[in-house]
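User: I am new to this structure and would like a close look at a single part, namely the contacts between charged side chains and what surrounds them. Please take me through it step by step.

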Amino acid sequence: MTRAAPKSKSSVRAASKSKLAPKARARASAKPDARLADADKFLLPTYKRPPIVLTHGRGAYVFDSTGKKYLDFLGGIAVNALGHAHPRIVKTIRREAPRAVHFSNLYHNPYQGPLARKLAEWSGLDRVFFSNSGTEAIEGALKLARLYGRTHDEPAATPAKKHRILAMENYFHGRTLGALNVTPTEKYRLPFAPLVPGVEFVRFKDVADLESKFDDTVCAVLLETIQGEGGIHAATPAFWDRARALTTKRGALLIADEIQCGLGRTGRHFAYQAFQSKPDMAVIAKPLAAGLPLGAILTTEAVAARISPGLHGTTFGGGPLICATALEALTVIEDEKLLENVRARGAEIREGIAALAKKFSFIREIRGEGLMIGVELSIEGGPFVAEAMNRGLLMNCTHDYTLRLLPSFVITKAQVRNFLQTFESVLASNPVSQSTPASPEKENSPPLAQSAAR
């Protein structure tokens, strides 16, 4: 009986290559993308990006220049609430682009007023200012707080007695200079010191620390109702209520940063609506215009009464095309009853991950509400993000150990199942997954906690 000759290495490689799908072969043989070279050479190096070019999206999926498909559980960092290329959003942009993209805020346009009305109805607040982004809205809110704190008999050129702002540790409010003042993370702040004085940081959810730092010089307390970059940690009712009571008693403002957690992300119009009281200001942005750049400050009549023409403004904020798109986006959320879907799909994701936590000991905690979910690990999360991308799933990691999930509001039950299957394979790919003994850190850590935002 004759033994078959062993296959050469080259023949094995050829056979393996022939088994690849046509699209995979095309990706494997693709030439280097010149657009990546241009980006490396000409863009400021402000982001660490993988070497792919995303070209288009459809619903809950995005595609790169090689045709590879990804399930998008990052959503442009909470921006693409309606997924990609939603038919009604596309129709609105096509309708409005030939009419007018920009006039000027020296004049009214057809959509600013109706959009402001809709936001007032959703929020329970009274007045709206439109900006281009969340960080610009934070800047405007800080200006309004300082303005509100100044009494009529204090000269404009002198520091007001009531000027201090209490912000929270572990929070993120933006990268402009004013927003950095209220963002405590040293790696963001220190390269740009000295910053504007008058900001002090409070330990998040620590009522005693808040009380000890609050006095009559405070003009505002600023907090994210649910932290985004900080790892999906939510304000407690006790902390919110005390902040509300102190600001009301001392004539200061309570400002809710809902840039990431607002406009339906938690299954409510606003995350603060889980509490019994409203803020004096809410700051929003990310999903407001379905991917187009738009932010806003929402506030009360009392605060709005302190502003007058010339004290604040914007060139591009609230243009006709963008406001028309935002108005349609909010209407889609209402018409398609997407808040119900956010709550249902979010519960399925958390339940599915809780089941996976029984298999993977390095899952320490599951946090969040609706479709704003953080999965805290006892090991670094970066490798899981990279492996997820390899397997066609987009997510990210914040604070090194928390995997952040921000899928679109239109995510389906079948897509949640797809996510959970892929997520399990991603978790299983890590060498730690194969070791049964728990690490000393795990042995000494508290048991797995699954917490909703409230």
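Analyst: A disulfide is taken here as a pair of cysteine sulfur atoms within 2.5 Å, and by this rule the count comes to zero disulfides. Of the cysteines, Cys323 counts as buried at 0% relative accessibility, while Cys397 is partly exposed with a relative accessible area of 24%; in these terms buried means under 20% relative accessible area, exposed over 50%, and partly exposed in between, with a 1.4 Å probe and protein chains only.

The model is a predicted one, in which local features need pLDDT of at least 70 and side-chain atom pairs count only at pLDDT 80 or more, whereas totals for chains, interfaces and linings use all residues. Residues are numbered from 1 along each chain as its sequence is written, and side-chain values use heavy atoms, with hydrogens and water left out.

Turning to the charged contacts, a salt bridge is a side-chain nitrogen of Lys or Arg within 4 Å of a carboxyl oxygen of Asp or Glu, and a search of the whole structure finds 24 salt bridges. One of them joins Glu328 to Arg88, with the closest N and O atoms 2.7 Å apart. This pair links distant parts of the chain, since Glu328 belongs to helix α13 (residues 320–335) and Arg88 to helix α5 (residues 87–96), 240 residues apart; helices here are DSSP runs of H or I with at least four residues, strands are runs of E with at least two, and both are numbered from the N terminus. Glu328 counts as buried at 18% relative accessibility, whereas Arg88, with a relative accessible area of 27%, is partly exposed.

A further salt bridge brings together the side chains of Arg244 and Asp280, at 2.7 Å from N to O. Arg244 lies in helix α11 (residues 237–250) and Asp280 in the loop between β8 (253–257) and β9 (281–284), so the pair ties together parts that are 36 residues apart in sequence.
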